[in-house]
Amino acid sequence: SRHHPDYPFLLKNIASPPVGIYIYGSILQEHQKKFPFISIVGTRCCTEYGMIQTRKLVRFLGPFSFVVVSGFARGIDLTAHQEALENNLSTIAILAYGFGHFPQHRLRFVNKILQSGGGFITEYPPFTPCVKFHFRERNRIIAGLSPATVIIEAPKSSGALITASQAFSADRDVFAVPGDLGRKQCEGSNDLIFGQKATLLMEPDNILHSYGLQREGMQPELFL
């Protein structure tokens, strides 16, 4: 429940935190205090460019022991989960359905995610089927768990834009990877940058400032 000491503390600080959540895995308060969480989302119908940018970002985060949060959907989300596993990072999947409704073709990821030290979160009771409006509700959990959210390839009708809006409303950092002008998959993420609802993410280093981190060997800033 929201009053339990293991309820993720960042999630409590959004406008409408879930009254309770179901957790499958090792996602406890101490876990969130020890490792930085980052949410990475994007379109299901991603391009090769989007997958490359997702892998590049997650690989960069590897040495900093980030926990990658995403929505366990095909496309950018699943690419982020897979790359996290390949780089020995914990990853957390936020579900739009109850436990017991895992898609058959994704069952092979379940044990891998649990073994990574991550797990699954849903606000729906076990065996609750997936319906369309659950994705909108799920997105606020993705945004609420992390200090920063990264949008990679989002068309204008993408649910990733809802996640970005909820993160922005919760006063979290929002980043967007720029894409080709005229490419449908990038229209929404480019609009976020143009409308100043997201910071232009040119290099992964930009994210480290949000967490007070820097790469080893970099000269620290002397003046803010």
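Biologist: What covers the buried residues of H3?
Modeller: This is a predicted model: local features need pLDDT of at least 70, side-chain atom pairs count only at pLDDT 80 or more, and totals for chains, interfaces and linings use all residues. Residues are numbered from 1 along each chain as its sequence is written, and side-chain values use heavy atoms, with hydrogens and water left out. Helices (H or I, at least four residues) and strands (E, at least two) are DSSP runs, numbered from the N terminus. Going by contact (heavy atoms within 4.5 Å), the cover includes E2, helix H2 (48-61), E3, strand E4 (91-94), helix H4 (107-115) and E6.

Biologist: How many of the 11 residues of H3 are buried?
Modeller: Buried means under 20% relative accessible area, exposed over 50%, partly exposed in between (1.4 Å probe, protein chains only). The buried set includes Ile 76, Asp 77, His 81 and Glu 83. H3 is largely enclosed by the rest of the structure, because its buried residues number nine.

Biologist: Which residue just after H3 takes a positive phi?
Modeller: Look just past the end of the helix. The phi there is about 60°, and the residue is Asn 88.

Biologist: Is Glu 153 buried or exposed?
Modeller: Glu 153 sits in the loop between strand E6 (148-152) and helix H6 (159-169). Beyond its neighbours within four places in sequence, its contacts include Gly 42, Tyr 49, Ile 76, Arg 183 and Ser 189. Its relative accessible area is 1%, so Glu 153 is buried.

Biologist: Which side chain makes a polar contact of 2.4 Å with that of Glu 153?
Modeller: A polar contact is a pair of N or O atoms within 3.5 Å; within protein, one must be able to donate a hydrogen and the other to accept it, and residues adjacent in sequence count only if both atoms are side-chain atoms. The partner at 2.4 Å is Thr 47.

Biologist: Which backbone oxygen does the side chain of Arg 140 reach?
Modeller: Arg 140 lies in helix H5 (residues 132-144). At 14% relative accessibility, it counts as buried. Its contacts outside four places in sequence include Leu 11, Pro 17, Glu 123 and Gln 166. At 2.7 Å, its side chain reaches the backbone oxygen of Ser 16.

Biologist: How does Arg 74 count at 48% relative accessibility: buried, exposed or partly exposed?
Modeller: Arg 74 is in the loop between strand E3 (67-70) and helix H3 (76-86). Setting aside neighbours within four places in sequence, it touches Thr 43, Arg 44, Cys 45 and Arg 106. At 48%, Arg 74 counts as partly exposed.

Biologist: How many disulfides does a search of the whole structure find?
Modeller: A disulfide is a pair of cysteine sulfur atoms within 2.5 Å. A search of the whole structure finds none: for Cys 45 the nearest cysteine sulfur, that of Cys 46, is 8.0 Å away. For Cys 130 the nearest, that of Cys 45, is 16 Å away. The count is zero.

Biologist: What is the volume of the largest pocket?
Modeller: On a 1 Å grid over the protein atoms alone, a pocket is an open set of points where a 1.4 Å probe fits, with protein on both sides within 12 Å along at least five of seven lines; lining residues have an atom within 4 Å of a point. Grid points are joined across faces, edges and corners, and a volume is the space filled by probe spheres set on the points. For the largest pocket, that comes to about 460 Å³.

Biologist: Which element supplies the largest share of the lining of the largest pocket?
Modeller: The lining has 21 residues, and among the closest to the centre are Arg 44 and Ser 157. Strand E2 (37-42), H5 and H6 each supply at least two lining residues. The largest share, six residues, comes from H5.
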